[in-house]
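Subject: Structure for your files

Hello,

Here is the structure I said I would pass on. My notes on what turned up in it follow below.

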Amino acid sequence: APPAEKFEYQAEVNRLMDLIVHSLYSNKEVFLRELVSNASDALDKLRYLSVTDPDLLKDGPELDIRIQTDKDNGIITIIDSGIGMTRQELVDSLGTIASSGTAKFLKTLKESQEANVDSNLIGQFGVGFYSAFLVSDKVAVSTKSPKSEKQYVWEAEAESNSYTIREEKDPEKLIPRGTCLTLYLKRDDKGFAHPERIQKLLKNYSQFVSFPIYTWQEKGFTKEVEVDEDPAEVKTEGDGEPKKEQVKKKTKTVVEKYWDWELTNETQPIWLRTPKEVSTEEYNEFYKKTFNEYLDPLASSHFTTEGEVEFRSILYVPATKKEDITDRKTKNIRLYVKRVFISDDFDGELFPRYLSFVKGVVDSNDLPLNVSREILQESRIVRIMRKRLVRKAFDMILGISCSENRDDYEAFWENYGKFLKLGCMEDKENHKRIAPLLRFFSSQSNEELISLDEYVESMKPEQKAIYYIAGDSLSSAKNAPFLEKLNEMGYEVLLLIDPMDEVSLTNLNSYKDKSFVDISKEDLDLGDKNEEREKEMKQEYSQTCDWIKKRLGERVARVDVSNRLSSSPCVLVAAKFGWSANMERLMRAQSI
Ligand code: ADP
Ligand code: MG
């Protein structure tokens, strides 16, 4: 056989390995969660491919995970009958940083103080496959892909910058398909190789894996065995005559020990259970494990739809901020067809992009198992599903906004407000659902955000419109001269500080039949016109206006007498059909 070939890790892997071996001491047991989740991913991939290529299962129809422990030698083996890896895939997957979770971990690490490395970071993000080295001196991955004739072994030691790959030659280790991972535990971590310890960790970490996980457990059964009865104990009857049988047989119970595979997890997916029977903790745990999140979600919604299209779903609003609203590779929705995981790689097919912060699982019985992106895009069923999912997502968000605890919605708005504003632009059909969820600063509240409903409720009886002014800061908007008159009249004015605020209101156009009116535009009509007096004033000051216009020249379009100020002498207004000053600022900023 050709000798083992040596490979160097990618630089990031070296950095990560160094951290794992030298700095991360807490939460070591997450290694099991990471490795089991990889096994489960590998099984998902195989199950999905086998739908169109049943031959893939010809070497064994079982899709499961088996974990064996050798406590005397401190060895754990994790075997899955999944997709396995070719030689090249071994190099690509286990020599570089593949996982987004791991990349996220490294990024957070870079941002945080080096001193905090041993915090709970690793428990929060996980470091994927390399977490095996949290507890192991040496790791061997023996793997057989259906694409490859041969089985290969990847092997590495904890304190090394390199790994080796060789062909598997040990006949005892040959497997028809899948991956066998062997962990040679560090001296201090050999305790993990106890069968009860592994079983307990699995119950904690892997209750949502949808493939059976078996652990190798010692069992005992009781057996009745016949033994000769001690003759001395044989009693004689009343007349002293010995019984007919001098030596009697007696049965005794003994415990016989043996080892066998024991099913350790419950494989019924949580979304198939009755919502009433699932606790909030279970929903939250499922969420955290499935989406690699460390904070409980802000809200969740578990529902079944029937009728035209049937599917089950659990949706979540995360509590973690999503920075990039243009990021489309979000893997936020996991689609299953008849419990088979199909994909989490969508681009607006199941959820509009502006709702891509919502995470969840969707399981449909009505889609074909070999459904492709193209089919999804065309499918009428998917369009109906999308509509229902969006409606449920809005119900869920509305639920947060109705919560007694105002902080909840504030947190939501802080994290995802800009996504809803984007929705005003991208989803006309759902304006009615989005508008009540928007929040703005107002001239009559201190720093506190208000909803459009709150605005409308406190409108003056004679007030016709919803007034707003845009500015680049709260204080500049609040101190704008335009506000003077409205303040005097007791009209509330929305202060639009975020560049997207104004655009979203312009798109909504109106709310509850009240149109949005920019108080910085020239034709502002507050319903208090006194035409007589205006005429007089215009006449009286026409020369003054001419003189000012002459002095300012091209810098202004017109100089006019206005009735909209109460204490400031003058104000710059935008033309009726032009951009507001704020929009001009925005456009200028964008063209740089
Ligand atoms: P992630 O699972 O997030 O992709 P990991 O570091 O956990 O990142 O794993 C890296 C890659 O190694 C996986 O994406 C997968 O391609 C491969 N891999 C790991 N374990 C297995 C396994 N048991 N079977 C097949 N491939 C695996
Ligand atoms: Mg992984």
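**What was found**

The chain has 17 helices and 19 strands. Please keep in mind that this is a predicted model. Of its 592 residues, 33% are buried. Among contacts with a separation of 6 or more, 72% join residues 24 or more positions apart.

**Core**

The largest nonpolar core holds 124 residues. Its members that touch the most others are Leu350, Val362, Ala393, Tyr468, Ile469, Val493 and Leu494. Helix α2 (residues 30-52) supplies the largest share of this core, nine residues. In soluble globular proteins, nonpolar side chains tend to be buried together.

Leu350 is worth a look on screen. Leaving out residues up to four places away in sequence, Leu350 touches Ile333, Leu335, Val362, Val382, Met385, Arg386 and Leu389.

Another residue to look at is Ile78, in strand β3 (residues 75-80). Ile78 counts as buried because it has 23 C-beta neighbours inside 10 Å, and the cut-off is 20 or more. Apart from neighbours within four places in sequence, Ile78 is in contact with Leu35, Ala39, Ile65, Ile67 and Leu181. Thr179 is 101 residues from Ile78 along the chain, yet their C-alpha atoms are separated by 8.0 Å.

**A helix pair**

Helix α9 (residues 380-401) and helix α10 (residues 406-426) have axes that come within 7 Å and cross at roughly 130 degrees. The two helices are therefore oblique to each other. On the α9 side the contact is made by Ile397, Ile400 and Ser401, and on the α10 side by Asp408, Tyr409 and Phe412. By class, that contact has four nonpolar residues, one polar and one charged.

**An open sheet and a hairpin**

Five strands make up an open sheet with mixed pairing, in the order β15-β17-β16-β19-β18. Its edge strands, each pairing on one side only, are β15 (441-442) and β18 (510-511). Helix α15 (residues 499-508) packs on this sheet and touches β16 (466-470), β17 (493-496), β18 and β19. The direction of α15 makes about 150 degrees with that of β16.

β18 pairs with strand β19 (residues 514-518) in the antiparallel sense, over two bridges. Within that pair, Tyr511 stands opposite Lys514 of β19. The loop between β18 and β19 contains Lys512. Phi of Lys512 is positive, near 50 degrees, although the residue is not a glycine. Lys512 is exposed, because 12 other C-beta atoms lie within 10 Å and the class takes in residues with 12 or fewer.

Strand β10 (residues 299-305) and strand β11 (residues 311-317) also pair in the antiparallel sense, over seven bridges. Phe303 stands opposite Ser313 in β11. The two strands form a hairpin with five residues between them. Gly307, in the turn, has a positive phi of about 100 degrees.

Asn292 lies in the loop between α7 (280-291) and β10. Phi of Asn292 is positive too, at about 60 degrees, and Asn292 is not a glycine.

Regards

Notes. Residues are numbered from 1 along each chain as its sequence is written. Chains are lettered from A and ligands numbered from 1 in the order in which they are written. This is a predicted model: local features need pLDDT of at least 70, side-chain atom pairs count only at pLDDT 80 or more; totals for chains, interfaces and linings use all residues. A nonpolar core is a set of buried Ala, Val, Leu, Ile, Met, Phe, Trp, Tyr and Cys residues joined through C-beta atoms within 7 Å. Helices (H or I, at least four residues) and strands (E, at least two) are DSSP runs, numbered from the N terminus. Two residues are in contact if their C-beta atoms, placed from the backbone, lie within 7 Å. Two strands pair if DSSP finds at least two bridges between them. Axes are lines fitted to C-alpha atoms, for helices over the stretch in contact, and angles run from 0 to 180 degrees between N-to-C directions. Angles under 35 degrees count as roughly parallel, over 145 as roughly antiparallel, 65 to 115 as roughly perpendicular and the rest as oblique. Ala, Val, Leu, Ile, Met, Phe, Trp, Tyr, Cys and Pro count as nonpolar, Asp, Glu, Lys and Arg as charged, and the others, Gly among them, as polar.
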